[in-house]
Amino acid sequence: MAQIQLLIADDQVVTRSGLMAMTREAPGLDVAGVAQDVAGVLSAVDRAHPDIVLLNLRTLTAERFRHLVRLIGAHASIIVLWCHDSLVTIQDALRAKVAGFMDLEILQEDFASVISLVSRGCAVYLLPHERLSDISTEYPAPSAPAAISNLTSRENDVLLLLADGMTNKQIGSTLHIAENTVKKHVHRAMIKISASNRVEAALLVSQLGPKR
């Protein structure tokens with residue numbers, strides 16, 4: 001199976017080194033290139049043709065971020081890596097429709113699985129549960145929680161854990177069910193509450209229920 005080629009774009013050498021080490025330790029991943037600024041990203045995308053760009057340029061403004069996404073978005077999937085001093089926000093990432101948004105502090109445990117999901121065409125936004133309030137303006141809650149009452153008991157349990165920030169694997173382990181079963185419950189529950197993705201589903205659950 002072909003290796004997933006990553007471009008690591010970070011403006012701090014310590015973080016670049018850490019991401020490179022994580023990539024090299026993960027099966028199926030390879031470092032196609034490294035960049036520390038916008039010019040480097042553009043050059044590396046043109047030269048190395050990465051599958052995914054891990055983007056963490058802390059001083060990148062929303063306007064420059066959107067411009068960069070327009071330039072490289074057709075050539076590689078983009079995952080924004082966020083840390084406390086990043087100017088790009090989750091709202092910026094959602095509006096630009098990039099493939100992912102990851103909080104650097106919680107990325108390491110699920111690094112390889114997140115990359116794998118994005119390489120298969122999924123959008124993955126991984127952030128602490130308490131930061132759901134940061135995106136409430138992007139996904140306003142419906143006026144009534146009627147759809148929540150249509151959930152089965154198991155769908156209810158799964159969504160509560162999803163809203164706590166758990167992955168499908170972690171939910172399965174907690175509820176003692178298979179990961180594929182979790183995926184089915186999440187899919188059916190999202191249809192019932194009219195959520196278009198996991199981030200929206202987690203926000204709706206956080207705002208409206210179901211209750212513990």
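How many aromatic pairs does the structure hold? It holds one. This is a predicted model, where local features need pLDDT of at least 70, side-chain atom pairs count only at pLDDT 80 or more, and totals for chains, interfaces and linings use all residues. Residues are numbered from 1 along each chain as its sequence is written, and side-chain values use heavy atoms, with hydrogens and water left out.

**Aromatic pair**
- Phenylalanine 101 and tyrosine 125 are stacked, at 6.3 Å centre to centre and 10° between the planes (ring centres within 6.5 Å make a pair; planes under 30 degrees apart count as stacked, over 60 as edge-to-face, the rest as tilted).
- The partners sit 24 residues apart, phenylalanine 101 in strand S5 (residues 100-103) and tyrosine 125 in strand S6 (residues 124-126).
- Phenylalanine 101 is buried at 0% relative accessible area (buried is under 20%, exposed over 50%, partly exposed in between, with a 1.4 Å probe and protein chains only).
- Tyrosine 125 is buried too, at 15% relative accessibility.

**Overall fold**
- The protein has ten helices and six strands (DSSP runs: helices are H or I of at least four residues, strands E of at least two).
- Of its 212 residues, 48% count as buried.
- Among contacts between residues at least 6 apart in sequence, 67% join residues at least 24 apart (contact means heavy atoms within 4.5 Å).

Terms used
Phe/Tyr/Trp six-rings, centres within 6.5 Å; stacked < 30°, edge-to-face > 60°.
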